[in-house]
Amino acid sequence: MTGGEPPRRSLTRVETLSEIGLSPQWRLRWQRSVCRVPTDATTSPMTVPVAAATPEARTDPAGSRAFAGAVPERLQGIASMAWPELRQSVATCRTCCLCEERRQAVLGVGDVNADWLFIGEGPGAEEDARGEPFVGVAGKLLDAMLAAIDLQRGHDVYIANAVKCRPPANRTPEPAEIAACLPYLRRQIALIQPRLIVLLGRAAAHAVLGDVGSLASLRGRSLEYTGPELDGRTIPVVVTYHPAYLLRTLPDKAKAWEDLCRARALMRSAKAAAGGPPSPQADERAGR
Ligand code: URA
Ligand code: SF4
């Protein structure tokens, strides 16, 4: 510390909220529109609205490399990988065109036994350079959003992206690229077995739920993820805005705060349903 500077104390929850522009006086609006449409469990991990949202169906059939990524041997191989193999496979993957301009593939970061899984779109310039998701400006906001619900990167939280390689000039990944990378994301979900998945933005929603319309139409809905690798288990899913979007669209931060509160309530229910004790330490920290 430099001379004369007072020691910094950590921010209270209310201070954190106001620091990121979230006012705690917002009230929750509960919406319970359950949508759970059965899909073909052999090809799709989704239980949510879109029936034809298989990786193959969402892949460019015009001979792209992504389409080649749907070959059964590749899918089966990835579906049985442990973390070290998965890491190695992603690091050397050349299944879609995104491999061409990446510096390195970015698998994900955090606690591999986490209850919380946050999924973004894809690495940006800083993530590509450092090999970790959400370390740039959007990542700072994500960290603040986590802190607002008493979470911290790496502690009971895992952060991943829909695509593991940086799209050139930070463009939105193509559906074919998302489909090519989806087996890796599915394997991450199967290995982590989180209690809750939070999808940050449309690309993540597209990857996990299929091409299901606008982000606004997904927010506040009761959604679930499942797949053959989960042996019939379903994982609740919350869709919210991507932090980079929130940085550009301040008024929607209030909606993101609603989504986070909803996610926190769902997590509590999931823990209660599993018979686990609520965390008194976390409640105490949050002044509840
Ligand atoms: N945006 C994302 O979606 N993911 C990152 O890792 C960084 C920015
Ligand atoms: Fe492979 Fe995914 Fe990278 Fe495409 S984005 S090259 S599928 S790791």
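**Note on cavities, a ligand site and model confidence**

1. Two cavities of 30 Å³ or more are counted in this model. A cavity is, on a 1 Å grid over the protein atoms alone, a set of points where a 1.4 Å probe fits but cannot get out. The largest cavity holds about 110 Å³ of space. Its lining has 16 residues, and those closest to its centre are C93, C96, C165, C181 and Y184. Lining residues have an atom within 4 Å of a point. Volume here is the space filled by probe spheres set on the points, which are joined across faces, edges and corners.

2. The model is predicted: local features need pLDDT of at least 70, side-chain atom pairs count only at pLDDT 80 or more, and totals for chains, interfaces and linings use all residues. Side-chain values use heavy atoms, without hydrogens and water, residues are numbered from 1 along each chain as its sequence is written, and chains are lettered from A and ligands numbered from 1 in the order in which they are written.

3. Which helix gives the most to the lining of the largest cavity? Helix α7 (residues 175–192) does, with four residues. Helices are DSSP runs (H or I, at least four residues), numbered from the N terminus. By class, this lining has ten nonpolar, one polar and five charged residues. Ala, Val, Leu, Ile, Met, Phe, Trp, Tyr, Cys and Pro count as nonpolar, Asp, Glu, Lys and Arg as charged, and the others, Gly among them, as polar.

4. Ligand 2 takes up the largest cavity (more than half of its atoms lie within 2 Å of the grid points). Around ligand 2 are residues including C93, C96, C99, R102, K164, C165, C181 and Y184 (a heavy atom within 4 Å). The shell divides into eight nonpolar, one polar and two charged residues.

5. The largest pocket holds about 630 Å³ of space. Of its 26 lining residues, E121, A138, H242, A244 and R248 are the closest to its centre. A pocket is an open set with protein on both sides within 12 Å along at least five of seven lines. Helices α5 (125–130), α6 (137–148), α8 (202–209) and α10 (243–248) each supply at least two residues of the lining.

6. Mean pLDDT (the predictor's confidence in each residue, from 0 to 100) is 80 for the chain, and 72% of its residues reach 70 or more. Residues 21–63 have pLDDT below 50.

Technical notes: Contact means heavy atoms within 4.5 Å.
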